[in-house]
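I opened the notebook to record how the parts of this chain are arranged.

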Amino acid sequence: MLLLSVKALTSENYELLSSYGIDVVTPDTITANQIADIMISYGWDNAIGEKILADPNAKLKWIQAQSAGVDYLPLSLLKARGITVTNASGLKALPIAQTVLSYILYFARGLNVYATRKHWEPFTNQYLINELPVLIFGTGRIGKQIASHIKAFGGTVYGVNTSGRAVPGFDAVYPISNYQAGLAKARVVVDGLPGTADTADFFDTRFFEQVNQLFLFINIGRGTTLDQDALLSAIDDSRVKFAALDVTTPEPLPKNHPLFERHQILLTQHTSWGEHVNAGRTGGLFRLFEQNLTSFVNDGSFKQNVVNLDEGY
């Protein structure tokens, strides 16, 4: 069995794979003759992936994506070829949740004011977390971790998911077809939606017309879910006071983009997942991968993080 290692592996990872009879190639070592024999892709390389999918004799059965979102993969083609995708959902829930909490505190405690102030002028128009009810779009692992952090500060957290099913850690959960019930109670909105055809520009002019003096809009989902022009208009009209965006369209943003020009907007350039040691990210991904490895080798099945290729998450 042949595995293409797009993401780095440790010596311990190599030993484990060898014990399952799995040989490893990398984008630097793979030969043309090995393309069709790759059964597992650990991470995804577009150039090599195109060659694999173009080969009618390709043996590829499993892609372990390096991210929670998989909108960069050719999902319809993978479904047609019977290829399973598992994602990295939950891998970065903790750092992302702490980033979201830091966004809220940054604006609520007036740090945004002091970050640029060059003279002595005390600023006391500040908020506590429990004064800013939060509505999170997405109640999966990341959403639940964010909710946990906010609840630890005494905050109120509402959630939005497809069905409105109750999720532990949320004060109430609303179906996405009736998110307005939660929006009416919220001072902070967190966009954690995946990038799919259904969520494209979900947060558009119509959405922002429903808010009045929203304290903070946060996007840690996908840039495609937000109509950035609609947000800019809402900022300029004071319907939204502040915004913190980790993801944008495009990435990277060109110089002098309007999002850079608004002092009310904090941009963190797709690093909300960041950790101080890169090996931590690599090792964490393999731990997720390992959860499915035994069952895949034994009978081709998977235990967790399987992506619905129709839904895109």
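I noted first that axes are lines fitted to C-alpha atoms, for helices over the stretch in contact, with angles running from 0 to 180 degrees between N-to-C directions. Helices (H or I, at least four residues) and strands (E, at least two) are DSSP runs, numbered from the N terminus. The model is a predicted one, in which local features need pLDDT of at least 70, side-chain atom pairs count only at pLDDT 80 or more, and totals for chains, interfaces and linings use all residues. Residues are numbered from 1 along each chain as its sequence is written, and side-chain values use heavy atoms, with hydrogens and water left out.

I looked up helix 4 (residues 93-108) and helix 6 (residues 141-152), whose axes come within 8 Å and cross at roughly 45°. The two helices are therefore oblique to each other (under 35 degrees would be roughly parallel, over 145 roughly antiparallel, 65 to 115 roughly perpendicular, and the rest is oblique). Which residues of helix 4 and helix 6 make the contact? With contact meaning heavy atoms within 4.5 Å, I found among them A97, L101 and I104 of helix 4 and I142, I146 and H149 of helix 6.

I then turned to the open sheet of five strands, which has the order 2-1-3-4-5 with parallel pairing (two strands pair if DSSP finds at least two bridges between them). Its edge strands, strand 2 (23-25) and strand 5 (84-86), each pair on one side only. I saw that three bridges join strand 4 (residues 62-64) to strand 5, and that I63 stands opposite V85 in strand 5.
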